[in-house]
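Work through the following exercises with the sequence and the model at hand, and try each task before reading its solution.

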Amino acid sequence: MPSTDREVGVRIAVDRVLCTGHGVCARTLPGRIRLDEWGYPIVEAVAVDPVDADLAVKLCPARALYLR
Amino acid sequence: MTIVEELERAGLTGRGGAAFSTAIKVRAAHDNDADLVVNACDGEVGARKDAWVVEHHLAELVEGARLVTSGRRDRVTYAAHRGSRTADLLTRAGLEVLDVPARYVSSEETAILSLLHGGLAKPMTKRLPFVYGGRDSLGKRIAPTVVLNAETVWRVSQVRRNGPDWFRRFGTDTEPGPRLVSVGGAVAHPGIFEVGSGVPIRDLLDAAGGLEPRVPALLVGGLGGVLLTTDEAATTAWSGPGMAAYGGSMGAGVIEALDPTRCPLDVVTDLVTYGAGESAGQCGPCMFGLPAVAESWAELARDPNQQTLDRLQDRLGVIPGRGACHHPDGVTRFVGSALRVLMPHIHEHVAGPCPLGRSRHAVH
């Protein structure tokens with residue numbers, strides 16, 4: 001997958017202590033976040049569209065997603 | 001010259017493993033009026049050098065802490081494992097001691113900060129360095145605090161007393177200064193040695209009386225380090241670039257020769273199982289991923305096959321960089337290096353029982 005860091009966007013990160021593996025972020029940010037075999041997010045690209053990022057942050061049930 | 005300027009000229013870097021510029025940390029500590037924690041836990045597997053510093057250079061250690069906190073002794077806390085001789089020595093010297101549980105990740109920088117500020121000795125997500133102050137994941141305020149390794153703080157006092165030029169007489173231009181290494185395991189005379197970056201690892205092993213016969217591999221950097229074959233160790237320099245060639249670093253300065261009486265696959269099984277059990281249980285990729293890695297490794301040692309190998313490699317590929325601290329990164333790095341170094345031996349296991357004729361289930 002080509003690096004998307006150069007695209008316009010905000011940088012998204014996961015607070016790993018707060019994350020409990022609901023997996024919602026993989027649905028709100030498909031192609032950006034996928035889940036590992038235990039259900040925890042793998043951030044494939046940190047640069048995310050600001051509107052998508054805001055929604056994903058808002059919808060994370062553990063409030064574990066944040067913008068850098 | 002201020003101590004920050006002297007440290008800058010000396011080029012001192014942290015001796016606890018991360019090798020970050022001490023001048024930058026101390027400047028940030030001054031700018032933010034930060035408290036200091038001197039980490040004397042020797043938390044890495046095989047590490048003994050911080051205990052050595054406390055035992056032999058306590059006055060200079062205290063002096064180094066004074067320099068970092070601009071003379072405010074009440075701003076300094078010494079972290080040591082609960083019940084250790086180091087904790088005892090520090091307490092008897094009348095110093096403020098933070099009793100750290102003797103668990104692997106408890107002496108990680110942010111775990112010490114959490115404990116210091118009334119929380120559990122578990123790592124915190126570091127959104128910004130805590131020298132600026134910050135909050136844990138639940139929003140609790142963490143006052144500006146800087147954590148420095150005990151050897152590092154001792155070096156600070158040496159830089160002040162002997163000057164940056166003296167410091168730079170040791171090591172290389174890019175990795176200056178004397179540094180301690182704990183050499184242990186299957187060597188004739190385990191001990192703590194002071195060297196500069198760039199010395200051959202072979203010299204360090206000679207200083208420790210040499211390897212016992214038939215040592216299968218060396219563990220450099222403990223559970224967060226890498227395995228080297230004895231041939232690699234014999235031809236590699238003790239330096240950042242030397243170790244980087246094998247995916248490692250000088251880390252917290254630990255070299256351990258593996259027990260020649262045991263199958264090295266079993267030794268690795270024990271280490272990775274220990275590492276998995278030492279997860280603080282906070283971050284999913286660590287608390288579930290490391291036990292899965294341990295299970296895959298044990299399966300590979302028991303019944304080597306391609307499918308198990310593939311699964312192990314997949315797991316090693318996705319775990320790093322996904323914890324609040326670097327514990328999952330360290331353990332996966334270690335297992336990856338063990339795969340590389342011990343692959344010939346794994347192939348020998350395919351043919352049948354351990355060809356070294358070593359006990360596969362030694363009591364330890």
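**Exercise 1.** Which side-chain oxygen reaches to the backbone nitrogen of Ala23(B) at the start of α2(B)?

*Solution.* This is a predicted model, in which local features need pLDDT of at least 70, side-chain atom pairs count only at pLDDT 80 or more, and totals for chains, interfaces and linings use all residues. Residues are numbered from 1 along each chain as its sequence is written, chains are lettered from A and ligands numbered from 1 in the order in which they are written, and side-chain values use heavy atoms, with hydrogens and water left out. The oxygen belongs to Ser21(B), and it comes to within 3.4 Å of that nitrogen. At the other end, α2(B) is followed by Asp33(B), which has a positive phi near 50°.

**Exercise 2.** Determine which residues of α2(B) are buried, and what covers them.

*Solution.* Buried means under 20% relative accessible area (1.4 Å probe, protein chains only). In α2 of chain B, residues 22-31, this holds for Thr22(B), Ala23(B), Val26(B), Ala28(B) and Ala29(B). Their cover includes, from chain B, the helices α1 (3-10), α4 (58-68) and α7 (150-162) and the strand β6 (145-149).

**Exercise 3.** Account for the number of disulfides.

*Solution.* A disulfide is a pair of cysteine sulfur atoms within 2.5 Å, and over all chains the structure holds zero. For Cys25(A), the closest cysteine sulfur, in Cys19(A), is 6.4 Å away and therefore too far for a bond. Cys286(B) is likewise in no disulfide, the nearest cysteine sulfur being that of Cys325(B), at 6.4 Å. Cys25(A) is buried, at 10% relative accessible area, and Cys286(B) is buried at 6%.

Conventions: Buried means under 20% relative accessible area, exposed over 50%, partly exposed in between (1.4 Å probe, protein chains only). Helices (H or I, at least four residues) and strands (E, at least two) are DSSP runs, numbered from the N terminus. Contact means heavy atoms within 4.5 Å. A polar contact is a pair of N or O atoms within 3.5 Å; within protein, one must be able to donate a hydrogen and the other to accept it, and residues adjacent in sequence count only if both atoms are side-chain atoms.
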